[in-house]
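The exercises below each set a task and then work through a solution step by step. Please keep the sequence and the structure in view while reading.

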Amino acid sequence: MLPPEAIPILGIPVHAVTMDETLTLIEGYMLEPRVHQIATVNPEFVMAAQSDAAFRHTLLTADLCLPDGVGLLYAARRLGRTLPERVPGSELVYRLAE
């Protein structure tokens, strides 16, 4: 399964996905014989990763970094890129539970 496009925001990849695309990706991940890491990235995470090398590494190596913060949508727009929508982890959990 190919990863979605990632937009680097201050060096942290944020994947340009919708909630529905995220759910489809997760379904595919569940069919693979390995563990996948998903991060719900918000502006505070991006800033923390600037000074915390271990946290930065975690985000850089995650299979999917979801745009969990409207500030990331604004940052992408300032970079001339587009994140289609917020994919908040708090909402994703409920969708996965369905």
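This is a predicted model: local features need pLDDT of at least 70, side-chain atom pairs count only at pLDDT 80 or more; totals for chains, interfaces and linings use all residues.

**Exercise 1.** Decide whether Asn42 is buried or exposed, and find which backbone nitrogen its side chain reaches at 2.8 Å.

*Solution.* The relative accessibility of Asn42 is 17%, and since buried means under 20%, Asn42 counts as buried. This residue sits in the loop between β3 (38-41) and α2 (43-49). Its side chain reaches the backbone nitrogen of Phe45 at 2.8 Å, while a polar atom of that side chain lies 3.1 Å from the backbone nitrogen of Glu44. Beyond four places in sequence, Asn42 is in contact with Asp68 and Leu72.

**Exercise 2.** Find which residues of the largest nonpolar core touch the most other members, and which element gives the most to this core.

*Solution.* The core has 16 residues, of which Ile9, Val41, Leu72 and Leu83 touch the most other members. Two or more residues come from each of β1 (6-9), β2 (12-15), β3, α2 and α4, and α4 gives the most, with 3 residues. Apart from this core lies another, of 10 residues, including Val17 and Leu92.

Notes:
Residues are numbered from 1 along each chain as its sequence is written. Side-chain values use heavy atoms; hydrogens and water are left out. Helices (H or I, at least four residues) and strands (E, at least two) are DSSP runs, numbered from the N terminus. Buried means under 20% relative accessible area, exposed over 50%, partly exposed in between (1.4 Å probe, protein chains only). A polar contact is a pair of N or O atoms within 3.5 Å; within protein, one must be able to donate a hydrogen and the other to accept it, and residues adjacent in sequence count only if both atoms are side-chain atoms. Contact means heavy atoms within 4.5 Å. A nonpolar core is a set of buried Ala, Val, Leu, Ile, Met, Phe, Trp, Tyr and Cys residues joined through side-chain atoms within 4.5 Å.
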